[in-house]
Amino acid sequence: SALQSSWNTLFTTPSAHDMHVYLTPVEAFHLMLHHEFTVHDANGKILPVPKAWQQFSAIYPPPFKGMGVSFMELFCVYEHFRHHGWIVGKGLNYGGDYCLYRDSPDVCHSDWIVAIMEPCATVKWAELVVQLRIASTVSKQMLYCKVVKLDDSADNATVDLSPQLLENFHVETS
């Protein structure tokens, strides 16, 4: 595979200083989708967006119940918060999927810890208490969200093959 199947994937940006940037697959795909970034395959050819979607989806396949979230869900939530002006960072240090920053992480701390839930899942009391205690200890608020299908025309298997079908999904927060 042209892409590393790890959380951090190395990409090179064209610059005079030959700078290397470490991005998650979600961050890389966001930049690709908005024409700010290209990913090249092992032969040096530009990886088309649909092929990148397939490659990144293979890193985060649709989860089994209770076993995490898929690339599609991670990406939908990332896009949702970027669209609303947040800088989205990794939330793993705080037991979440993302952290939300009002400004650059270099100048401010994150305000929110985001946890992505399965659409039909409920949070167990013990998990809720632990997450809220962690959030309180690090002066953050906890935000739960779900990626919900707007209609029956898209199922998870299809969406994991096409970024164009993302418009059939909505992020709900609580």
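Student: In E6, which residue is the bridge partner of Ile116?

Tutor: Cys145 in E6 is the bridge partner of Ile116. The model is predicted: local features need pLDDT of at least 70, side-chain atom pairs count only at pLDDT 80 or more, and totals for chains, interfaces and linings use all residues. Residues are numbered from 1 along each chain as its sequence is written, and side-chain values use heavy atoms, with hydrogens and water left out.

Student: In which sense do E5 and E6 pair?

Tutor: Two strands pair if DSSP finds at least two bridges between them. Helices (H or I, at least four residues) and strands (E, at least two) are DSSP runs, numbered from the N terminus. Here E5 (residues 112–117) and E6 (residues 141–149) are parallel, with six bridges.

Student: Which helix does the chain cross through from E5 to E6?

Tutor: Helix H4 (residues 125–137) connects them in a right-handed β-α-β crossover; with the strands pointing away from the viewer, the path from the first strand over the helix to the second runs clockwise.

Student: Which residue in E7 is the bridge partner of Cys145?

Tutor: That is Thr173. E6 and E7 (residues 169–173) run antiparallel, joined by five bridges.

Student: How many residues has the largest nonpolar core?

Tutor: In soluble globular proteins, nonpolar side chains tend to be buried together. A nonpolar core is a set of buried (under 20% relative accessible area, 1.4 Å probe, protein chains only) Ala, Val, Leu, Ile, Met, Phe, Trp, Tyr and Cys residues joined through side-chain atoms within 4.5 Å. The largest has 34 residues, and Phe71 and Val114 are among those with the most contacts inside it. H3 gives the most, eight residues.

Technical notes:
Buried < 20%, exposed > 50% of the residue type's maximum accessible area, 1.4 Å probe, protein only.
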